[in-house]
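Please look through the sequence and the structure below, then read on.

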Amino acid sequence: MQHASRSDASSPPTGQRRPSSLIPFSAKGSLVLMVLIVWFPLWFWFFCRIEPGAGELAVLIRKTGQDLPSGQILATEPGQKGIQ
């Protein structure tokens, strides 16, 4: 009588690991990075910018930063809050 154990056809040979998915982690990371490189500029261009129409004016007002000195209306230094 032979009692040799058969290895399951679906299990990897001893000492080798079965990949958890078809795409390795580094390829997934690269794919995510490439999608972000394409997606972020498009998102910024279409959703994070303003485009005043003809005859209109855009005013940038910074809400955080250093307070303006007394009597000053426009922010003239980087990092000051107020009308830029």
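Glu51 is exposed, because its relative accessibility of 62% is over the 50% cut-off. Glu51 pairs with Arg49 in a salt bridge, with 2.6 Å between the closest N and O atoms. The model described here is predicted.

**Salt bridges**

- The structure contains 2 salt bridges.
- Side chains of opposite charge can pair when their charged atoms come close.
- In the bridge between Arg49 and Glu51, Arg49 is partly exposed because its relative accessibility of 32% lies between the 20% and 50% cut-offs.
- Lys81 and Asp67 also meet through their side chains in a salt bridge, at 3.0 Å from N to O.
- This pair links distant parts of the chain, with Lys81 and Asp67 14 residues apart, both in the loop between strand S1 (61-62) and strand S2 (82-83).
- Lys81 has a relative accessible area of 30% and is therefore partly exposed.
- Asp67 has a relative accessible area of 55% and so counts as exposed.

**Elements of the chain**

- The protein chain has 1 helix and 2 strands.
- Read from the N terminus, the order of these elements is α-β-β.

**Burial, surface and contacts**

- The protein chain has 84 residues, and 4% of them are buried.
- Of the contacts between residues at least 6 apart in sequence, 5% join residues at least 24 apart.

Terms used: Residues numbered from 1 in each chain as written. Predicted model: local features only at pLDDT ≥ 70, side-chain atom pairs only at ≥ 80, totals over all residues. Heavy atoms only, no water. Helix = DSSP H or I, 4+ residues; strand = E, 2+ residues; numbered from the N terminus. Buried < 20%, exposed > 50% of the residue type's maximum accessible area, 1.4 Å probe, protein only. Contact = heavy atoms within 4.5 Å. Salt bridge = Lys/Arg side-chain N within 4 Å of Asp/Glu carboxyl O.
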